[in-house]
Number of protein chains: 2
Amino acid sequence: MPKIVDHETRRREIVEASWRVIAAEGLAGLTLRKIAESADCTTGRLTHYFANREEIVLAALRAVYSAAKGRMARVHELDASPQAKLLASLDETLPLDYKRLLEWKVWIAFWSAAAANPSLAKENDKRLAAWAAVLVPLIVAAAPGSNAALEAEILVGLVDGVGLQAAINPTAKNKRRARATVAGYVADLTREGRTGSRPVALSGR
Amino acid sequence: MPKIVDHETRRREIVEASWRVIAAEGLAGLTLRKIAESADCTTGRLTHYFANREEIVLAALRAVYSAAKGRMARVHELDASPQAKLLASLDETLPLDYKRLLEWKVWIAFWSAAAANPSLAKENDKRLAAWAAVLVPLIVAAAPGSNAALEAEILVGLVDGVGLQAAINPTAKNKRRARATVAGYVADLTREGRTGSRPVALSGR
């Protein structure tokens, strides 16, 4: 009887192996040989599951995105204040532990490739728009008087920036600073007595 | 009589040629052959000016950093309000025209390499600390009641994040949004009647 291989499980293992290679060596170091080594299989086997390296890269990226999205969605189930939910949602996207750091390394590699590849660049715009859309209702609940569309843009930019900096050199100090910077911003956005909404309106994506 | 070659000029030409290659193909595509092509010389000639590819990468990065620093320093000479000076300083670091976009492409390539290279990662921390230090006096002047150290961290993160997003897909819309997001943040930070300073203190770098 032939060995039964669960196609999805095997694909998932290959994707996770590629995360580890990207985290250690960047996207430039992601070769089929290294993925195979990390997944403990032959390079020939990889081609049963993915047509080429580019397909593995995209699958790795989508898996990272969907993992972060799942964690963000669970924030709604928390028994917490709207401010705590907003902050928890942002925390899920900061590189504060090994798993999230690995995700950031994949993002950094992806951005580097996207900067020279228009179709990946468009994929990045979609990700940002989807992320901002997830944040808007959290912001509306946590800071009802604010310009939620603008605040979502600011938070998406801020988390991408401070997360990037912490992911590049993930020392305890840098991770602490990333979180303190985002928390400081959210505390100001959501505090009582904050006067008026931010003055600049943004058009939609 | 031998041809007189201005060493610094030639190095500068090679650095600018490497910017163009990085912008077009990412750091992974930066080969000595392509730099030589873009600089219109032989690869042998490159080694008169740089020991290896890594040295060219670092020189390219430092030249980008020093160009942005020079533009930021000139902001102090402007006959403008403290708020306008702060915004002008941030504008100098956003990818709003070809020159600054090229600089961003070099940054993105650098970050990708730094994520897998501890000494480049430390270089990035230094850059961030120096940039925050440049912003602090501008923030103190534009928003005297604010926590300038925290605001500098927020602005450095925000500009890195929204600049990154716009540099990856530099459409007119994305560039406009990047600038509107940063301007919206600065307008709120510096507006009259803003109550109190942000509540979370940050320790120094």
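A residue is termed buried when its relative accessible area is under 20%. In this predicted model, W104(B) has a relative accessibility of 4% and therefore counts as buried. W111(B), at 2% relative accessibility, is likewise buried by this criterion. The rings of W104(B) and W111(B) have centres 5.8 Å apart. Because planes over 60 degrees apart count as edge-to-face, the angle of 75° between these two rings places the pair in that class.

Over all chains, the count of aromatic pairs comes to 9. One of these is formed in chain A by W107(A) and W111(A), whose ring centres are separated by 6.2 Å. The planes of the two rings meet at 25°, and the pair is therefore stacked, since the cut-off for stacking is an angle under 30 degrees. Both residues belong to helix 6 of chain A, which spans residues 98-114. Their spacing along this helix is 4 residues, or about one turn. W107(A) is buried, with a relative accessible area of 9%, and W111(A) is also buried, with a value of 2%.

Ring pairs join W107(A) and W111(A) with Y65(A), W104(A) and F110(A) in a cluster.

A charged group is also found at W107 in each of chains A and B. In chain A, the charged end of R127(A) sits over the ring of W107(A), at 4.4 Å from the ring centre. In chain B, the charged end of R127(B) sits over the ring of W107(B), and the distance to the ring centre is again 4.4 Å.

Conventions
Residues numbered from 1 in each chain as written. Chains lettered and ligands numbered in written order. Predicted model: local features only at pLDDT ≥ 70, side-chain atom pairs only at ≥ 80, totals over all residues. Heavy atoms only, no water. Phe/Tyr/Trp six-rings, centres within 6.5 Å; stacked < 30°, edge-to-face > 60°. Helix = DSSP H or I, 4+ residues; strand = E, 2+ residues; numbered from the N terminus. Buried < 20%, exposed > 50% of the residue type's maximum accessible area, 1.4 Å probe, protein only. Lys NZ or Arg CZ within 6 Å of the ring centre and 35° of its normal.
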